[in-house]
Amino acid sequence: MDESRLRGVLRNNIDTIEERIRAACARAGRSRSDVTLVAVTKSAPDEAVCLLPELGLNHLGENRPQQLWRKAALLPSTVHWHLIGHLQRNKIEQTLPLVELIHSGDRLSLLDSLEVAAQKQGQRIDVLVEVNTSGEASKNGFAPAEVPGLSDVFNSLLFVRLGGLMTMAALVEDAEKCRPSFALLRDLRDRLTRTLTDQHVLHHLSMGMSNDFEVAIEEGATLVRIGTALFAGLAE
Ligand SMILES: *Cc1c(COP(=O)(O)O)cnc(C)c1O
């Protein structure tokens, strides 16, 4: 596909997604500016990813650290990178300077390692706690019942700032079925907020993907992570 057709397909997809985000915000009585679209680039060709900033998308998400490193080098430094997948300890050092937010704070040992690495690099790092709201064994993250107990952990960290919670709902055809997952995440966020020091401002709920982002926005999502819907039609 030549560049102008590629640009056209992306423009169309972005317009459609934007319209759906606006409609969901309107239904929920929320402002469009409360929701950030994070373009998930894991399945997209580099030519398409490189066009995103000029099409107005400056928040990009990758779930593999090595792919994030590689793509960050291809794109302007004005891009805000989000790591949305599992982060192994030996990848922390190289990842920290590149990312604005780590959505996948999925285990205690990672929080400890991030604290050590961030201190060493002399920078704060913003992290979301990933919660397994669907209870599926294949999903990473803390069980909902573990979340209230995390306030002690976070209140003892100096370089890691908790910015909110993240979840992946079950992959189902009917997005309505994801609503309880999203409502649970919001409820956990609201409860955790009350037990944390001022260092941690739990502004974010990272929830909603191509299949279910409208329901997530209705339930309070501030970050929606969208891949498939954004890059649809590129192979034709
Ligand atoms: C791939 C991925 C997404 C995007 O999913 P789509 O269904 O392609 O929109 C969002 N979040 C995470 C954690 C992912 O791995």
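Modeller: A helix is a DSSP run of H or I with at least four residues, and a strand is a run of E with at least two, both numbered from the N terminus. The model discussed here is predicted.

Biologist: How many helices and strands are there in the protein?

Modeller: The chain under discussion has 236 residues. By the run lengths just given, the protein holds eight helices and eight strands.

Biologist: Which radius of gyration does the protein have, and what would a compact globule have?

Modeller: The C-alpha trace spans about 50 × 40 × 35 Å along its principal axes. For 236 residues, a compact globule would come out near 18 Å. The protein agrees with this, because its radius of gyration is 17 Å.

Biologist: Among contacts between residues at least 6 apart in sequence, what percentage join residues at least 24 apart?

Modeller: Contact here means heavy atoms within 4.5 Å. Of the contacts between residues at least 6 apart in sequence, the part joining residues at least 24 apart is 60%.

Biologist: Which elements each supply at least two residues of the lining of the largest pocket?

Modeller: The largest pocket holds about 490 Å³ of space. Its lining has 24 residues, and the closest to the centre are Val40, Lys42, Asn63, Ile84 and Met168. By class, the lining divides into eight nonpolar, 12 polar and four charged residues. Elements that each give at least two lining residues are α3 (65-74) and β8 (223-226).

Biologist: The buried residues of α3 pack against which elements?

Modeller: Buried means under 20% relative accessible area. In α3, Pro65, Leu68, Trp69, Lys71 and Ala72 are buried. The elements that these buried residues pack against are α2 (46-51), β2 (59-62), β3 (80-83), α4 (92-95) and β4.

Biologist: Where does the largest share of the lining of the second largest pocket come from?

Modeller: The second largest pocket has about 160 Å³ of space. Of its 14 lining residues, Glu100, Leu101, Asp126, Gly163 and His204 are the closest to its centre. Both β4 and β6 (160-167) supply at least two residues of this lining. The largest share, three residues, is from β6.

Biologist: How many residues of the lining of the second largest pocket are nonpolar, polar and charged?

Modeller: Gly counts as polar in this division. The lining of the second largest pocket has four nonpolar, seven polar and three charged residues.

Biologist: Is serine 104 buried or exposed?

Modeller: Serine 104 sits in strand β4 (residues 99-105). Beyond four places in sequence, serine 104 touches Leu83, Ile84, Gly85, His86, Leu110, Leu128 and Glu130. The relative accessibility of serine 104 is 0%, so this residue is buried.

Biologist: What distance lies between a polar atom of the side chain of serine 104 and the backbone oxygen of glycine 85?

Modeller: Glycine 85 is one of the residues that serine 104 touches. From the backbone oxygen of glycine 85 to the polar side-chain atom of serine 104, the distance is 2.6 Å.

Biologist: What separates the C-alpha atoms of alanine 118 and alanine 221?

Modeller: Along the chain, alanine 118 and alanine 221 are 103 residues apart.

Methods
Residues numbered from 1 in each chain as written. Predicted model: local features only at pLDDT ≥ 70, side-chain atom pairs only at ≥ 80, totals over all residues. Heavy atoms only, no water. Buried < 20%, exposed > 50% of the residue type's maximum accessible area, 1.4 Å probe, protein only. Polar contact = N/O pair within 3.5 Å; in protein donor to acceptor, adjacent residues only side chain to side chain. 1 Å grid on protein atoms, 1.4 Å probe; cavity = no way out; pocket = protein on both sides within 12 Å on 5 of 7 lines; lining within 4 Å. Points joined across faces, edges and corners; volume = space filled by probe spheres on them. Rg over C-alpha atoms; globule rule 2.2 N^0.38 Å.
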